Amino acid sequence: MNLTLRRALGALAATALMLTGAIAAIAPASVAAQTIPAMTGIRTGQNPGFDRVVLDLTAGPAPAVRYDLVDELIADGSGEIVWLTGEYFIAVAATPAAAHDDAGNPTYPGPQKFRTRNLLNVMAVAVTGDYEGTLSIGLGVRSRTPVSVFTLTSPNRVVIDVRH
């Protein structure tokens, strides 16, 4: 390999190393500036044709939400079964979201599990996980019906609608 080619490859490698270092130095600041929304409440209500469960969240980016119809609810982290009233179960996950603040203190003062006697299909709700930026909620329901999960902003909320 001639000297000119070695110098060019060396300069290219040095430039790549500097850029990688600069990107690594910038990344933590941008991640730290992003606030993870924290759950402050869970509300339930019966509406014509569907039951609604709302997770109230603090400010921050609206989380991405997904749900699965499952045979049993599993606690995040431990992998233990979460026993909940219901014939069928819906597992909902919101990311990024949490139920604690930066110091690890709970932001949701309510119960981890509760019955919803005022609803027609949703029988119970449980917080099943608050782990690595993902907030997980489980619903016990009477029957398998269509489910709609979405977010609203100003203020941030995760909405779970379960048909009767």
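1. Strand S9 contributes four residues to the lining of the largest pocket, the most of any element. Strands are DSSP runs (E, at least two residues), numbered from the N terminus. A pocket here is an open set of points on a 1 Å grid over the protein atoms alone, where a 1.4 Å probe fits, with protein on both sides within 12 Å along at least five of seven lines; lining residues have an atom within 4 Å of a point.

2. The model is predicted: local features need pLDDT of at least 70 and side-chain atom pairs pLDDT 80 or more, whereas totals for chains, interfaces and linings use all residues. Residues are numbered from 1 along each chain as its sequence is written, and side-chain values use heavy atoms, without hydrogens and water.

3. The largest pocket holds about 190 Å³ of space, a volume being the space filled by probe spheres set on grid points joined across faces, edges and corners. Its lining comprises 15 residues, with Ile 74, Asp 76, Ala 91, Thr 128 and Ser 136 nearest the centre.

4. For the second largest pocket the volume is about 170 Å³. Ten residues line this pocket, and Thr 35, Ile 36, His 100, Asp 101 and Asp 102 are the closest to its centre.

5. An open, antiparallel sheet is formed by four strands in the order S1-S2-S11-S10, where pairing requires at least two DSSP bridges between two strands. S1 (39-47) and S10 (147-152) each have a single partner strand, so one side of each lacks a neighbour in the sheet. Eight bridges join S1 to S2 (residues 50-57); Asn 47 has Phe 50 as its bridge partner in S2.
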